[in-house]
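Please have the sequence and the model side by side before reading on.

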Amino acid sequence: MDILGQQTEPASPIQVFFSYAHEDENLKIELEKHLSFLEQQGYIAGWNDRDIQAGQEWQEEIDSHLNAAQIILLLISSDFMASKYCSSIEMTKAMERHQAGEARVIPIILRPTDWQGAPFSKLQALPTNAKPITRWTDRDEAFLDVEQGIRKVVQKFRTQHDHLAFSKLPRLSELPDLKEDWGEAPDPGQFYGREKELNDLKQWIVDEHCRMVAVVGIGGIGKSSLVATLAKPLRESFEYVFGRSLQNTPSLQSILQDCIPFISDQRQIRLPEDVDEQLDLLIQYLRDYRCLIVLDNFESILQAGSHNSQYREGYKEYGKLLQHVGQSRHQSCLLLTSREKPKEVADLEGVVGPVRSMPLAGLSPVEGQEILNSKGLFGADNTVAELVHR
Ligand SMILES: Nc1ncnc2c1ncn2[C@@H]1O[C@H](COP(=O)(O)OP(=O)(O)O)[C@@H](O)[C@H]1O
Ligand SMILES: [Mg+2]
C-alpha cells in the first residue's frame, strides 16, 4: 500500500541529501530518527557526509551524492551560514539543481539565525512558518512537523510518478510547491451527504470568485467538517491555502503573523506595527496570488448571544479584516464558519455579490441514517429523527 492508500508498484526510494554543519550533528541525528519511518517504508534513502567510508575521497563522494539527490535538505543555523563549505559550495550546487528542476531543496530551520536574503530564502521552509526547531516548546512536535512536510513532498512526487507509469520521473520543479498551512486542524474523516452545499460553495468560490463566504449554523451541525471537506477539491483552484481555528481566541495580529509570511513565501516576515498597514499588506498579497483563507470557529471572538454580533473585548480588529477582505478588489477568498453571522458579512452580503453566507441546517434523515450505519449504530427511526433535527 502506498501512503495515499493505493496499491502501487514499488518505486525506488527518493534520495535525500542532508547538508549541515557538524556543530548541528545532534539535531541532524534527531531529524534522521524522525525520518526513519519514511526510510523503512522505502520512500526515501538518506545520505550525508558522515556516511563516507574511511579512505574515500570525501569531496568527490559528497559531490556525487549531492548530484544524485532528488531532495536536498539544508539544515539552517548560524553555524551552517558561517560554514563556507555548507553555505557556499553545497548550497550553490543545491540551488543550481533546484533551479534546473533536478532536485527539490527544502531549508530546515534548526536554530534562530538571520537567513533573509540567502539564496534559499524564497523557498518554502520547514517547520511550518519557518519557526526554528529549537524554539518549539516540544521538540518532537517540531520534528514531526518537518517529517510531515517532507512526507508531503514525497507523496506528491510519488503520485506524479504513478500517473506517469512508463515515462520518466517528472522534473521536481514542475510539481506544485507545499503551499498549504492548516495549523493543527484535525483530519475531517468520512463525510456524508451535503452535496448541494458543497456544490453551491464550490460554485460561489471557484466560478463566481466570491471574496468572502460565511457558513453559519448552530454548534455541532457540521460546519467545520463541511469546510474541511470542501477544502480538498478547492486546493486545485488556489495557489495558497491557509486555515486556522479561532477556538482559542488568537489575536488578529498572531493570525496575520502566520498568514502573511506564508502567502509571501517567507518574503514578508516582519510585519508593520500598525494593523491597518498589515491589512493593506494582506490585501496586496490576496490581489497578487489566489489564496484561500479559512477561519473556523469565528464565533469564538464574538460576544456570545449579542444581537448584532459585537466583537469580544480586544478583537474588534477582526471586523476590519472582514471589511477589508469583503470590500477590496482581489482574487482570493476568506471562508469562515461561525455560529452567528458576523455583522460585516450581513452588511456586505448580496445574492449575486462577492460576499455571501450559507445557513447550515440539519442533515436529511437519509444522510443521518447513513452516518449512524457507518458507525455501526442502527437506531430506531425516532432516534435518527432527533439527531437530524437537533
Ligand atoms: N455530513 C457529515 N458526515 C459525517 N460526519 C459529520 C457530518 N456533519 C457533521 N459530522 C460530524 O458531526 C460532528 C460535529 O460536526 P462539526 O463539523 O464539528 O460541527 P460544527 O463545526 O458545526 O460545530 C463531528 O464529529 C463531525 O465529524
Ligand atoms: Mg466547528
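His209 is partly exposed, because 14 other C-beta atoms lie within 10 Å of its own, where a residue is called buried if 20 or more other C-beta atoms, placed from the backbone, lie within 10 Å, exposed if 12 or fewer, and partly exposed in between. This residue sits in the loop between H6 and S6, and it has a positive phi of about 50 degrees although it is not a glycine. Most residues other than glycine have a negative phi, and most peptide bonds are trans. Asn297 is another residue with a positive phi, here about 55 degrees, although it is not a glycine; Asn297 is found in the loop between S8 and H10, and it counts as partly exposed because 19 other C-beta atoms lie within 10 Å. The peptide bond that joins Leu126 and Pro127 is cis, with omega about -5 degrees, and Pro127 has its place in the loop between strand S4 (104-109) and helix H5 (139-163).

This is a predicted model, in which local features need pLDDT of at least 70 and side-chain atom pairs count only at pLDDT 80 or more, while totals for chains, interfaces and linings use all residues. Residues are numbered from 1 along each chain as its sequence is written, and chains are lettered from A and ligands numbered from 1 in the order in which they are written.

Taken as a whole, the chain has 13 helices and ten strands, with helices (H or I, at least four residues) and strands (E, at least two) taken as DSSP runs numbered from the N terminus. Of the 390 residues in the chain, 34% are buried. Among contacts with a separation of 6 or more, 71% are between residues 24 or more positions apart, two residues being in contact if their C-beta atoms, placed from the backbone, lie within 7 Å.

Leaving aside neighbours within four places in sequence, Ile71 is in contact with Ile14, Val16, Ala103, Arg104, Ile106 and Val153. The C-alpha atoms of Ile71 and Arg104 are separated by 4.9 Å, although these residues are 33 residues apart along the chain.

Which residues are closest to ligand 1? They are Tyr192, Gly222, Lys223, Ser224 and Ser225, from a shell of 17 residues, where a residue counts as near a molecule if its C-beta atom, placed from the backbone, lies within 6 Å of it. By class, this shell holds five nonpolar, ten polar and two charged residues; Ala, Val, Leu, Ile, Met, Phe, Trp, Tyr, Cys and Pro count as nonpolar, Asp, Glu, Lys and Arg as charged, and the others, Gly among them, as polar. The largest share of the shell, three residues, comes from helix H7 (residues 223-234).

H7 has twelve residues and reaches 16 Å from its first C-alpha to its last, close to the 16 Å expected at 1.5 Å a residue, the expected span being 1.5 Å times one less than the number of residues. Its buried residues are Lys223, Ser224, Leu226, Val227, Ala228, Thr229 and Leu230, and they pack against helix H6 (195-207), strand S6 (212-216), strand S8 (291-296) and strand S9 (333-338). In the loop between S6 and H7 lies Gly220, which is exposed because 11 other C-beta atoms lie within 10 Å. The C-alpha atoms of Gly220 and Arg339, 119 residues apart along the chain, are separated by 9.7 Å.

Helix packing can be followed through H9. The axes of helix H9 (residues 275-288) and helix H10 (residues 317-327) come within 11 Å and cross at roughly 35 degrees, with axes fitted to C-alpha atoms over the stretch in contact and angles running from 0 to 180 degrees between N-to-C directions. The contact is made by Val275, Leu279 and Ile283 of H9 and Glu317, Lys320, Leu321 and His324 of H10, and these residues divide into four nonpolar, one polar and two charged. The axes of helix H8 (residues 252-263) and H9 also come within 11 Å and cross at roughly 35 degrees. That contact is made by Leu252, Leu256, Ile260 and Ile263 of H8 and Val275, Gln278, Leu281, Leu282 and Tyr285 of H9, and by class it has eight nonpolar, one polar and no charged residues.
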